[in-house]
Amino acid sequence: MINDFMKKIGVIILIGLISGPALAAGNISKGKKVFNKCKACHSLVEGKRKMGPSLYGIFDKKAGTTKKFRFSSAMKNSGIVWNSETLSRYLASPKTFMPGNKMPFSGIKNQTKRDDLIAYLKKFTK
C-alpha cells in the first residue's frame, strides 16, 4: 500500500516537473509595472500605434501583420505566431530571438517579470 502511494506521488511530481513551466502564471498587477518599460512605444488600445504597433489582440496573431505599421522584413517574414512562449522568448532578447527586427529594446532577462508582463498583456489586449 505504501509502495502504491509512493508511485502515485512520483507520478504527480513528474507531471509537475514536465508541465510546470507551461503552466506558469504571472502576476497581473506586477505585470502592469513591467509594462511601464513598454508603454512609451506600445499601446494596448486597438489601432493606437506609437513608435511601435498597438499590442491589442497580439495573442494568436501572426507577427508583423498589424495594419498601418511598417515592420522589418525579419518580423514580417518570421512566420511566428504570438503566444506566451514566443512572447517570452522574444522579450528575453528581441535581437537574439529575431535578428533584424526594429525594436530598440535589450529585453527583460528575468523570467518572472516576463511571466508577469505576459499575464498583464493577456488580460488587457483582448
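Residues are numbered from 1 along each chain as its sequence is written, and side-chain values use heavy atoms, with hydrogens and water left out. Because the model is predicted, local features need pLDDT of at least 70 and side-chain atom pairs count only at pLDDT 80 or more, while totals for chains, interfaces and linings use all residues.

The chain has six helices and zero strands; here helices (H or I, at least four residues) and strands (E, at least two) are DSSP runs, numbered from the N terminus. Read along the sequence, the pattern is α-α-α-α-α-α. Of the 126 residues in the chain, 35% are buried, where buried means under 20% relative accessible area, exposed means over 50%, and partly exposed lies in between (1.4 Å probe, protein chains only). Among the contacts with a separation of 6 or more, 40% come from residues 24 or more positions apart; a contact means heavy atoms within 4.5 Å.

Two packed helices are described by the angle between their axes and the distance between the axes. Helix 4 (residues 84-92) and helix 6 (residues 111-124) pack at about 130 degrees, and their axes are 10 Å apart. The axes are lines fitted to C-alpha atoms, for helices over the stretch in contact, with angles running from 0 to 180 degrees between N-to-C directions. The angle makes helix 4 oblique to helix 6, since angles under 35 degrees count as roughly parallel, over 145 as roughly antiparallel, 65 to 115 as roughly perpendicular and the rest as oblique. On the helix 4 side, the contact is made by Ser 84, Leu 87, Ser 88, Leu 91 and Ala 92, and helix 6 brings Gln 111, Arg 114, Leu 117, Ile 118 and Lys 122. By class, this contact has five nonpolar, three polar and two charged residues. Glu 85 also lies in helix 4 and is exposed, at 53% relative accessible area. Between the C-alpha atoms of Glu 85 and Asp 115 there are 9.7 Å in space, although 30 residues separate the two in sequence.

Turning to the cysteines, how many disulfides does the structure hold? There are zero, a disulfide being a pair of cysteine sulfur atoms within 2.5 Å. The sulfur of Cys 38 has its closest cysteine sulfur in Cys 41, 8.7 Å away, so the gap is too far for a bond. Cys 38 is buried, with a relative accessible area of 13%, whereas Cys 41 is partly exposed at 25%.

How values were computed:
Ala, Val, Leu, Ile, Met, Phe, Trp, Tyr, Cys and Pro count as nonpolar, Asp, Glu, Lys and Arg as charged, and the others, Gly among them, as polar.
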